[in-house]
Amino acid sequence: MNRPSVLLRPLRPTDLERIAQLEVELFGAAAWSRSMYEDELAQPDRYYVAAEVAGNLVGYAGIALASDAQVMTVGVTADQRRRGIATLLVADLVERARAGRSNQVFLEVRAGDLGAQELYRRAGFEPIGTRRRYYQPDGEDAVVMRLTLRAGALPLGR
């Protein structure tokens, strides 16, 4: 497979026009607004990364850093999927969580998105539960997944 040369870099406010377009393309009715991204980028505990191929922004991801970190989003354009870009983005988020001394990383993924669930499993995440009707407006369930980074981290619910 011919893999593209991918550059990962911090997401910048100047990227938000492109992100707003991609959000609608990738997430439809569940898309975040530009102002939501402006708020996210202003938070000191957030880390957002962009993926570029040939100078074009083709993917992005974000995480809320804490002792229990939370993946906020991961998205890759349809024409760049299955090329390892989402894997690079998730690995970058996990490394940022490790560097921030997070104990665990959590995320929600659509129950029907088996490809994304497999991506997260390959990154070491395990399914630990379901959030019924989590995704709005369509009401699709979410699978909750967890990656334990540090020995001795307490399981969810303790």
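Predicted model: local features only at pLDDT ≥ 70, side-chain atom pairs only at ≥ 80, totals over all residues.
Residues are numbered from 1 along each chain as its sequence is written, and side-chain values use heavy atoms, with hydrogens and water left out.

Student: How far apart are the end C-alpha atoms of helix H3?
Tutor: Helices here are DSSP runs (H or I, at least four residues), numbered from the N terminus. The expected span is 1.5 Å times one less than the number of residues. H3 has 15 residues, so it should span 21 Å. The end C-alpha atoms agree, at 21 Å.

Student: Which residues of H1 are buried?
Tutor: Buried means under 20% relative accessible area, exposed over 50%, partly exposed in between (1.4 Å probe, protein chains only). On the other side of H1, Glu17, Val24 and Glu25 are exposed. The buried residues of H1 are Leu16, Ile19, Leu22, Glu23 and Leu26.

Student: What do the buried residues of H1 pack against?
Tutor: Contact means heavy atoms within 4.5 Å. Strands are DSSP runs too (E, at least two residues). The buried residues of H1 pack against helix H2 (34–42), strand E3 (56–64) and E4.

Student: Which residue follows H1, and what is its phi?
Tutor: H3 is followed by Arg101, with a positive phi near 65°. H1 is followed by Gly28, whose phi is positive, near 55°.
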